[in-house]
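Here is a friendly note to read alongside the picture.

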Amino acid sequence: MLLVLVIFNYALVKVISVIQEDSYLSKKYENIGAIFLEASGRGYLIDASIKTITNFNIFDWCFGKGNLYLIENQHHLYLGDPKSAEVDPLDLIGQFGLFFSIPILLFPIKRLIASIRSFIKWHNVLDYWCIIAFLCFIGHAFYGGHAYTSPLVLSYLAVFIYVLDNRNVNKYI
């Protein structure tokens with residue numbers, strides 16, 4: 001199993017390096033990413049959110065400005081429907097500031113690292129699926145949004161983490 005992970009990692013690094021070194025391929029993948037972002041209809045929301053956050057003062061960076069301020073400001077910048085950016089790090093930092101957002105954003109990353117370590121040590125199936133689940137959760141938070149801010153997703157995540165914390169590790173040896 002470890003050999004499969006090493007081969008997969010090596011192949012992934014090679015593919016990424018080929019894309020980065022070839023200007024034609026990198027431009028094509030950039031265009032594909034832009035098409036997906038444009039198709040999602042959130043490009044203007046992300047731009048508005050970034051413009052909103054860059055105008056924050058030090059107090060706003062630390063403690064945020066709240067959801068209503070972000071939605072109204074993004075609406076005035078791009079005259080679209082009043083919505084949040086739907087990118088969880090931008091939404092959380094804008095709403096709650098860095099003091100409250102960083103611990104929230106880092107918790108699943110910490111659990112992902114713990115699952116990777118446990119998988120390397122014990123090679124159990126639960127840790128394998130935990131790695132995939134946390135990667136999907138974190139990826140969705142950055143691309144799709146509404147992962148950290150969804151009550152339904154967070155309730156599933158809480159149960160998932162509870163099961164991880166209360167499992168009997170000796171059972172998997």
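1. Let's begin with a pair of helices: the axes of H6 and H8 come within 12 Å and cross at roughly 35°. Axes here are lines fitted to C-alpha atoms, for helices over the stretch in contact, with angles from 0 to 180 degrees between N-to-C directions. Helices are DSSP runs (H or I, at least four residues), numbered from the N terminus.

2. A word on the model: it is predicted, so local features need pLDDT of at least 70 and side-chain atom pairs count only at pLDDT 80 or more, while totals for chains, interfaces and linings use all residues. Residues are numbered from 1 along each chain as its sequence is written, and side-chain values use heavy atoms, with hydrogens and water left out.

3. H6 and H8 cross in a left-handed way (the near helix is turned anticlockwise from the far one by less than a right angle). Phe 107, Arg 111 and Ser 115 of H6 make the contact with Ile 161, Leu 164 and Asp 165 of H8 (contact means heavy atoms within 4.5 Å). By class, this contact has three nonpolar, one polar and two charged residues. Ala, Val, Leu, Ile, Met, Phe, Trp, Tyr, Cys and Pro count as nonpolar, Asp, Glu, Lys and Arg as charged, and the others, Gly among them, as polar.

4. Now look along H6 itself. Its 35 residues have end C-alpha atoms only 32 Å apart, short of the 51 Å that a straight helix would reach at 1.5 Å a residue (the expected span is 1.5 Å times one less than the number of residues). At Gly 97, H6 bends by about 130°, taken as the angle between axes fitted to the seven residues ending there and the seven starting there. After H6 comes His 123, with a positive phi near 55°.

5. How do H6 and H7 cross? The axes of H6 (residues 88-122) and H7 (residues 125-143) come within 9 Å and cross at roughly 160°. That makes H6 roughly antiparallel to H7 (an angle over 145 degrees). Their crossing is left-handed.

6. H7 also meets H8 (residues 151-165): their axes come within 12 Å and cross at roughly 155°. H7 and H8 are therefore roughly antiparallel to each other. Leu 126, Cys 130, Ala 133, Phe 134 and Phe 137 in H7 meet Val 153, Leu 154, Leu 157, Phe 160, Ile 161 and Leu 164 in H8. This contact has 11 nonpolar, no polar and no charged residues.

How values were computed:
Helix = DSSP H or I, 4+ residues; strand = E, 2+ residues; numbered from the N terminus. Parallel < 35°, antiparallel > 145°, perpendicular 65-115°, else oblique.
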